Amino acid sequence: MGASAIVALPLLGAILPPLFARAGRTPALLAALTPSLAALALLWGQGAAVFSGEPVVALAPWVPSLGLEWALRIDGLGFFFASLILAIGVLIFIYSRGYLAGNESLGTFYAYLLLFQGAMLGVVLADNLLLLPVFWELTSLSSFLLIGFWRHLQDGRRGARLALAITGAGGLALLAGLILLGEVAGTYRISELAARREVILAAPLAPVILALILLGAFTKSAQFPFHFWLPHAMAAPTPVSAYLHSATMVKAGLYLLARLWPVFGQTDAWDAWVTGVGAATMLLGAVIAFFKDDLKALLAYSTVSHLGLVTMLLGLGSPTAVFAAMLHILMHATFKAALFMNTGIVDHETGSRDLRRLGGLAKVMPGTAGLGTLAALSMAGVPPLNGFVSKEEMLAEALAIRWGDGWLLWAIVVLATIFSAAYAFRYFSALFFGPLRLPEGRRAHDPPALLWGPPLALVVAVVVLGLWPGLAEPLLVAASASAAGSGRAWPELALWHGFGAPLVVSVAAFVCGAALVWRYPALSRRALAWALPLDGRRMFFAAQTGLARGAHCLVVRLHSGVLGRYVLLLTGVSLVALALGWGMGEGWRPQRPPTPVNGLAVIFVAIALVAIGLVLRWHQERLRAVLLTGAVGLVVSLAFLHASAPDLALTQIAVEAVTTVLLLLTLFFLPQHDAASLPKPRGAAVVAVLAGLVVGLLAWVMMRNEAPTLADYFWSRSVPEGGGSNVVNVILVDFRGYDTYGEITVLGIAGLVIYALLQGMQEGVARKNLHAWRFPFALSATRHPLPFAVTARVMLPFLLTAVVYVFLRGHNAPGGGFIAALLVTLAFLIQYMASGLSWTMQRLRLDAHLWIGMGLLVAGATGMAAMVFGAPFLRSAHGEVPVPGIGPVALASAMGFDLGVLLTVFGAVTLALVQLAFLGRLAGFAPNRTPMDPVRPRPSSEGG
Amino acid sequence: MEVLFAVLIGALTAAGVYLCCLRQVFPVVLGLSLLSYATNLFVFVAGRLTLGAPPIWEEGVTRFADPLPQALVLTAIVISFGMTALLVVLAIRARFEAGAERSDAPAVTERPEVER
């Protein structure tokens, strides 16, 4: 419970700041601080248990079939990272209140930061291999939002995209790696992996798993060659750089390495790759950082270098190196966050962060200079500050490698240490000392407390942890023990370790570093001359442009705009896939005996074939084609009837009638085309014939094949569970009621879309064209013949009675809501056709919208009613209800649902047809006021 | 009987695909109607052919047609009406907005803008 709340508080609390921001900036800050501080209190409340070696666990099933569960676990490592995330978060929130300008949306900014905080806590507390990547991706997304927070800056948008692409791609690799890991290990619990180390390492997939996971970790922690996204992420507001891109998010990769250290650590592949990549990154970052004039770029590359340092430590293969890694993560987080905030202050006060335009600031901002100098000295590893302590541990670990194995590593570490000292010296000496230099017309002074308070707190930590490093010992031991195993001796942390190789290297680094800074002007000119040609960012954008061009070429080829080509392509590809599947299958012979052929069936199929042929022949003569298509539909409904599907036959006949009316209405606006037919795509006939042959053959094979079915299930349960003997209807309204609910909703939406499309024709170009529209053929002189009108009116009550009958019997015999809806539509359609639109509309006030809505409400309410009784949505109840005078009548609550179906389908179909008919009015087709009127000349035209 | 159904399904498919390739909308509407028949019949016969035994439950009856594909196809038939109606209305709207009843559109040519 506690663990879940720690993650949930910031995630849910992200809603608060935007709301409170309406009340002002300080309320927004308080709204952001509250969830974080609450989570921090909860976390530290678990401290006693965690330090005694008892992890705090929260477990809830999520998708058990996938192995995904909501599993959180606070052990020493998780506790360590979570404390960093929350404590630094609090400082960052306070700092942001002073940093963002008054007109910027502080509430949104806090919301993103809290979202990130929750996600990051999820990453470090997740105990499930599938849950971790969920939070991992969330941190990438929130990082994207934060880097691009200043949307008007192109650099921000670019940097955000670059970061998302790199970390997102790494996240995908990680997901694949973790899934494979879970499958190989047989468990998705991270805490159970260490015990399966042997099984995992012995698996043939182990190298693949390791590579994928390392890809994820290296991209996230900006390791070479993926380091280039991090400097570009510096386009973000400085609090973001301090928080995500130096103190926490970029450490997610390091966290993952530490977390999986018990599984993969101390193997050859792990040690080689992790140490190698880490050391390369460490040196590369340090060298580039030295030559950067932009303060944030300098700090960014320095961060890259320090991340490389920790990575290298995690690859060294000894538990004490893991301890040194944890130590440096803590120390780096304090001094680097302080430096970023310091840079933010300089930027805020002077409007620049370019070392070529700034200098001697100690004269005007002494407080800022003091804090910045202390933090930078710590970064350089100068005693008695905390950077010195962790650097000494790192050197001790790296130099403990035997010379024969590790001379290259020694060289890299020593060089990197020298350049680290150099860029750190350069940071404060060039910025704060020497003659005062400021951008034109700027006056600088120390900022308000909101801005210097948080870095001051961090610098206090820098000094305290330097003088008394033992204070952090329990936290670090707990963290290292959960990564590298408990019950071993850990290094005693102290400021003074006595003389030894590390101290010698340190002192040498200070001297060489100072010399480098002294010779900086000459060096930087030479460095610019051989500036690295391998620019990751340029390669990334080249790849992006290339992909866009390639996609464009493909789209131009595929999106020819000709429907026929698409049809042919899709059909062709399906045919090829079918052929491949067929080729791979085994031999087949019919399993079911053929059903006997009926002479009448042969005749009807022959009629259908002739009709199909004539449709192809006469598709230009549209009236004929519509009638012939209707004839084919009738044969199809007979086929349903013959093959024991009376419900389908009824539905098909009714739909056929309604569709024919629809198409005849359409013909008024899309009459026969006189023009010779437009060119057909080549190969249409061939592909069509092939498709027909293959589908026909497939159908035949399927019909003669045996396969297990669900028929018995529905057959045996229909009466006892659904209360109806028409199994098809019971499936529709009960077993698969949800599906039906969706289908009638779709139909209702289609009706509304048709309404909207046709309403839109009442204005603009369409209205003009419609007004000018002349039906090119002669219209019948008697639109509404008297005998038809009279018969239709006499028939109406009978038809409606039949509808009620068909509906009521639907649960037990062919019929039901769908069929009844189509029949009632037909009953009214006949009135429209017999007596005309106006006449009927005056008498029949049908608001089809209302019917659609009512139908969905009735169907939904029936489903909900089941929930009132504690049953799942749409579970039906049934029983016999005594009706006086008639006797007991079997009723099922599904009837209510079926009524909803009836209303919705009726509403949708009527809406479509009536609106289409109504369109004739717009075309100037005179409405009839009395039934049986002859066609009158149109007011706008000379004749008919 | 199986052969007859297969022939019917095949012929409907072939005619449907062919009509869908044409460049005016109305033949495409007809083609889709024919394809709907073919598809509905195909799904229906996935329950195999059973003659003279509708799935209406009666005590002691053991031979019956598979009701599940029938239920699936029943809603599909009604939905296919919705699709046809939407399509013809789109065609009418396009006819009166753009002045032509065509199923094809100008090809994509413009280059995409990529922010670098």
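Helices (H or I, at least four residues) and strands (E, at least two) are taken as DSSP runs, numbered from the N terminus. On this basis chain A has 39 helices and four strands. The model is predicted: local features need pLDDT of at least 70, side-chain atom pairs count only at pLDDT 80 or more, and totals for chains, interfaces and linings use all residues. Residues are numbered from 1 along each chain as its sequence is written, and chains are lettered from A, with ligands numbered from 1, in the order in which they are written.

A residue is termed buried if 20 or more other C-beta atoms lie within 10 Å of its own, exposed if 12 or fewer do, and partly exposed in between, with C-beta atoms placed from the backbone. Of the 944 residues of chain A, 49% are buried. Two residues are in contact if their C-beta atoms, placed from the backbone, lie within 7 Å. Among contacts in chain A between residues at least 6 apart in sequence, 79% join residues at least 24 apart.

Helix α27 of chain A comprises 19 residues (599–617). The expected span of a helix is 1.5 Å times one less than its number of residues; for α27(A) this gives 27 Å, which agrees with the 27 Å between its end C-alpha atoms. Its buried residues are A:Ala601, A:Val605, A:Ala608, A:Ala611, A:Ile612, A:Val615 and A:Leu616. Because they cover an arc of only 140 degrees around the axis, they lie on the same side of α27(A); the arc is that of the directions from the helix axis to the C-beta atoms. A:Gly599, A:Leu600, A:Ile603 and A:Arg617, on the other side, are exposed. The buried residues of α27(A) pack against α28 (622–642) of chain A and against α1 (2–20) and α2 (25–45) of chain B.

The contact between the chains takes 111 residues from chain A and 88 from chain B. On the side of chain B that touches chain A, two or more residues each come from α1, α2 and α3 (67–98) of chain B. The largest share, 24 residues, is given by α3(B).

Within chain B, α2(B) and α3(B) pack at an angle of about 175 degrees, with their axes 10 Å apart. Axes are lines fitted to C-alpha atoms, for helices over the stretch in contact, and angles run from 0 to 180 degrees between N-to-C directions. Angles under 35 degrees count as roughly parallel, over 145 as roughly antiparallel, 65 to 115 as roughly perpendicular and the rest as oblique. The two helices α2(B) and α3(B) are therefore roughly antiparallel.
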